[in-house]
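Colleague: Could you take me through the sheets of this model, strand by strand, and spell out the criteria behind each term as you go?

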Amino acid sequence: MLGLLLSACAMPPAAPVADGSCNAPGAAGVVVGSGVAGDPALPEPSSGFRLGIQPVVARDYLVVSANPLASQAGCDVLRRGGTAVDAAVAVQAVLGLVEPQSSGLGGGGFLLHFDAASGRVVAYDGREQAPAAADGNYLRQIGNGNTAYPLPTPPGASDPRVIFSGVRASGRSIGTPGIVRMLELAHRDNGKLPWRELFADAGRLATDGFRISGRLADAIAASRANLLADAEATAYFYGPSPDHAAKPLGTLMKNPAYRETLRAIADGGADALHRGPIARAIVDKIGATVGSGPNAVALTPGLTTLADLANYRAIRREPVCSSYRKHWVCGMPPPSSGGIAVAQILGILENHRLAEYPPQSIDANGGKPAPMAVHLISEAQRLAYADRARYVADTDFVPLPGGSPAALLDKDYLRERARLIRPDRSIGVAPAGKFAGWTAQGRSDAEGVGTTHVSIVDRYGNAVALTSSIEGSMGSYRMTNGFLLNNELTDFSIAPSDADGPIANRVGPGKRPRSSMAPTLVFAKAADGSRGPLVMATGSPGGASIIQFVSKTLIGVLDWGLDAQQATAMVNFGSSNTATTTLGGEHPNVDAAASGANDSLVKGLRALGHQVSVAAQSSGTATIVRGTAGQSKALVGGVDPRREGLALGD
């Protein structure tokens, strides 16, 4: 039996565990919310970096998630013979409890599934929807007779950050949730264990309690003013009146309301959330005109109805698959921009010899990227983000150029785009590509960061890459039946048009906001050029930066031969097509002092004309790579040192 290297902290240095079969976190010294060395205590917008994490090696099955308790639940399902989708259901149920700031029953997500028996890859779309009553001005004015921004935006506000914050806390930001419908559909297609059994671990934790982790503790503290507008959120996350102090790290949290919601879903499926009393409670919360908590601010109600919830459908879609050197890379199609953007970045970089610019001084954390590599990759990202901002939205409403991803991913088109990259100077801000017969349209860059990712491979060879979200940390700050509601509609452009024309990602009735979520599966290229065996599963949270985090990880494995942990841990870098190139200053291989003035990578990029930021970056990448252990085939897992993740397997 292959030993399991626990990567989760608390007992440095990480060491092999004799019995590697889904070891309980406590048995391995991993105590969530313990406050001991290695227990992260940073809020959602920030990043830390755990040192000493080693790759996790497993023989037949492996799960990597953002929280040890969630990984434990998924691994237990895999141990009992469950499929990757079975495990994903169990993991998401736990994440919604222990990591409510990032995802949950009140949000949505995207799931990419590989069926080993048939070789088929299916993309499952559980993205939230705008209500049927939404129009292009839904996020920017209270109504046709009142052009003020939705409350609680202060009257006369002009700062975009203030406007966004107010719209987010209004009912207008909340989309019709889709995560449970999506998981139900994926389970119907690919599950093995009974649906109702998959919520047992989450239900037990809700009943017996779990300790608040560092990230959750600081998210509770950071969102206090907004969460105090909601009575249920106030009672759950804060102490009694009059102080309503934020519950600190290590507090034992019990959530009986969440347990009852899980019981209803376990017994009645997604209908329990989309019809009946829970649906009624969701609609009432969205439609509130005043806060129910001690901070009883006036609120603009959303227009979601019971019919919106009842009519919501998860969708099977064709994945976006494209070749990259010796591999095939598959990702999510619209309404996510992640699959297209990652494929464009790789397609542009095929025209450059990245293997000639590997990281320097490679260590367990991926070494230090070479300046030319960061230059080429960030320039390719600028070009991809330019197209994303112009062309990518919910294709059920706004078609892509040519009517499919093919035009944006055409090798000749990407070769032309690659020619815009200068070896000696940054583009700065790249232009979008042009397509014959395509009318001008505006651009949209909006996106929040409250998201999570799970990668799973089961004993049957099936794989899942699942990215789920409630949008910003703590979503819309509204809680019902033990879970938070999303603010995903703020991923739409607040304005329906700009000087260049209508914006593809404008709000519309029943429309799904564009996302950057990029769950990704990689396959070897067979001798005949077709898709061969599974090589890799990865993905990350991080808002629009997800595309950068995922492309960096893919290149680390496919071009530079890094293992799953090295590629995941490697310095985050890239650009979303602003003049700034970002380098994650939280990484131990980046000297962030004095804005990076003494760092060789920063100096190399500035010499090429890059404006460089060394602000910390909060990725949460979870990666599984098929490899070897000795003479045996193995699964190798990598967790992001910037969050609380853990890999567990057999």
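Modeller: What follows describes the sheets, beginning with the seven-stranded one. This is a predicted model, in which local features need pLDDT of at least 70 and side-chain atom pairs count only at pLDDT 80 or more, while totals for chains, interfaces and linings use all residues. Residues are numbered from 1 along each chain as its sequence is written, and side-chain values use heavy atoms, with hydrogens and water left out.

Seven strands make up an open sheet in the order β9-β6-β5-β13-β12-β4-β25, with antiparallel pairing; strands (E, at least two residues) and helices (H or I, at least four) are DSSP runs numbered from the N terminus, and two strands pair if DSSP finds at least two bridges between them. Because β9 (315–317) and β25 (646–649) each have a single partner strand, they stand at the edges, and one side of each is left without a neighbour in the sheet. From one strand to the next the twist averages 15°, where angles run from 0 to 180 degrees between N-to-C directions and axes are lines fitted to C-alpha atoms, for helices over the stretch in contact.

Another open sheet has three strands, ordered β20-β21-β22, with mixed pairing. Its edge strands, β20 (573–574) and β22 (611–613), each pair on one side only. Strand β21 (residues 580–583) runs parallel to β22 and is joined to it by three bridges, with T581 having V612 in β22 as its bridge partner.
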